[in-house]
Amino acid sequence: MAKTVVVTGASSGIGAATARRLAAEGFDVVAAARRRERLDALAAEVPGIRPAMLDVTSQESVDAFAAELERCDVLVNNAGGALGLEPVASSRVDDWQRMYDVNVLGSLRMTRALLPKLIASGDGVLVMLTSVAGLVSYEGGGGYCAAKHAQTSMTETLRLELCGEPVRVVEIAPGMVQTEEFSLTRFRGDAEKAAKVYEGVPGPLTADDVADVISFAVTRPAHVNIDRLVIRPRAQAAQHKVHRV
C-alpha cells in the first residue's frame with residue numbers, strides 16, 4: 001500500500017511542487033489548501049493527488065480534515081507566508097497576527113491533529129517548511145523572522161519530545177525562492193516591488209528545487225533523520241549578501 005502524505009498550502013508554489021514530486025515518487029498525496037479550484041486542477045494534472053479543503057488557521061477545519069483522513073505517513077507543514085517589510089516600529093499588528101496564525105499555529109494545529117496517525121504508521125515523517133529567516137534575522141523582516149524562529153523552535157522541541165517514537169522530524173529551511181505568490185503577497189499585490197526582490201539574481205531557487213530536497217528527506221531509510229537542511233541559491237551567500245548582475 002502506498003504511503004499517504006499530507007501537504008498543506010498545496011494550491012501553489014512550494015506546496016504544489018511538493019505534491020507533484022511526491023506523487024511522482026509513488027506516494028498517495030493529499031493536497032490540502034483553501035482554494036479548491038486550484039487543487040482540483042492539480043489533481044486533474046497529476047495522478048496520485050487527492051484534493052482536500054483545509055484552512056490551517058481554523059481548528060474546526062483542521063479537526064474535520066483529520067477526521068476524514070484514514071492514515072498519514074508523512075506530514076509536510078508547508079502553509080505559511082510573509083506580510084509586509086515595515087520596520088518593527090511601524091509594523092502592523094494584524095500582519096504579525098496573521099503570520100503567526102498561519103506559520104506557527106497552523107503548523108501546531110496540524111501537528112497535534114495528525115501526530116497520532118504519524119506514530120501509528122510505524123515510520124512517520126514530520127516536515128516543517130521553515131526559512132533561513134528562522135535562523136538569521138534581517139531588517140524589515142521582524143514579523144516573518146519572529147514567526148519562522150518560533151516554527152524552528154517548535155521543530156527542535158518536537159524532535160526532543162518525540163525521541164523514541166517512530167517519527168522523524170525534519171526541518172527544511174529555504175533561502176531565496178522565486179515563486180508566483182510569495183513576494184507578491186508580501187508586498188500586498190505590488191508586482192513591481194515583488195519583481196525587484198529577484199532582479200538581477202542569476203538563478204534564484206524554484207519551488208521544484210525545494211520540492212526536490214523535501215523528497216530526498218522523506219525518502220531516506222527509517223533510521224536516517226535529516227534534522228535541518230538549509231537550501232539557498234548559489235548567488236545568495238547570506239540574507240544580506242546576494243550576487244546580482
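This is a predicted model: local features need pLDDT of at least 70, side-chain atom pairs count only at pLDDT 80 or more; totals for chains, interfaces and linings use all residues.

Residues are numbered from 1 along each chain as its sequence is written, and side-chain values use heavy atoms, without hydrogens and water.

**Helices α3 and α4**
- Helix α3 spans residues 59–68 and helix α4 spans residues 93–120. Helices are DSSP runs of H or I with at least four residues, strands are E runs of at least two, and both are numbered from the N terminus.
- The two axes come within 9 Å and cross at roughly 20 degrees. Axes are lines fitted to C-alpha atoms, for helices over the stretch in contact, and angles run from 0 to 180 degrees between N-to-C directions.
- α3 and α4 are therefore roughly parallel. Under 35 degrees counts as roughly parallel, over 145 as roughly antiparallel, 65 to 115 as roughly perpendicular, and the rest as oblique.
- The contact joins Q59, V62, F65 and A66 of α3 to R109, M110, A113, L114 and K117 of α4. Contact means heavy atoms within 4.5 Å.
- Six of these contact residues are nonpolar, one is polar and two are charged. Ala, Val, Leu, Ile, Met, Phe, Trp, Tyr, Cys and Pro count as nonpolar, Asp, Glu, Lys and Arg as charged, and the others, Gly among them, as polar.

**Helices α4 and α5**
- α4 also packs with α5 (residues 142–161), at about 15 degrees and with axes 8 Å apart.
- This pair is therefore roughly parallel.
- Residues of α4 including W96, Y100 and L108 meet residues of α5 including Y144, M154 and L158.
- The contact of α4 with α5 has 11 nonpolar, six polar and one charged residues.

**Helices α1 and α8**
- α1 (residues 13–24) and α8 (residues 207–218) pack at about 50 degrees, with axes 8 Å apart.
- α1 and α8 are therefore oblique to each other.
- Among the residues in contact are G13 and I14 of α1 and A207 of α8.

**Residue T179**
- T179 sits in the loop between β6 (167–174) and α6 (182–186).
- T179 is buried, at 17% relative accessible area. Buried means under 20%, exposed over 50%, and partly exposed in between, with a 1.4 Å probe and protein chains only.
- The T179 side chain reaches the backbone nitrogen of F182 at 3.4 Å.
- Beyond its neighbours within four places in sequence, T179 contacts G13, I14, Y198 and A207.

Technical notes: A polar contact is a pair of N or O atoms within 3.5 Å; within protein, one must be able to donate a hydrogen and the other to accept it, and residues adjacent in sequence count only if both atoms are side-chain atoms.
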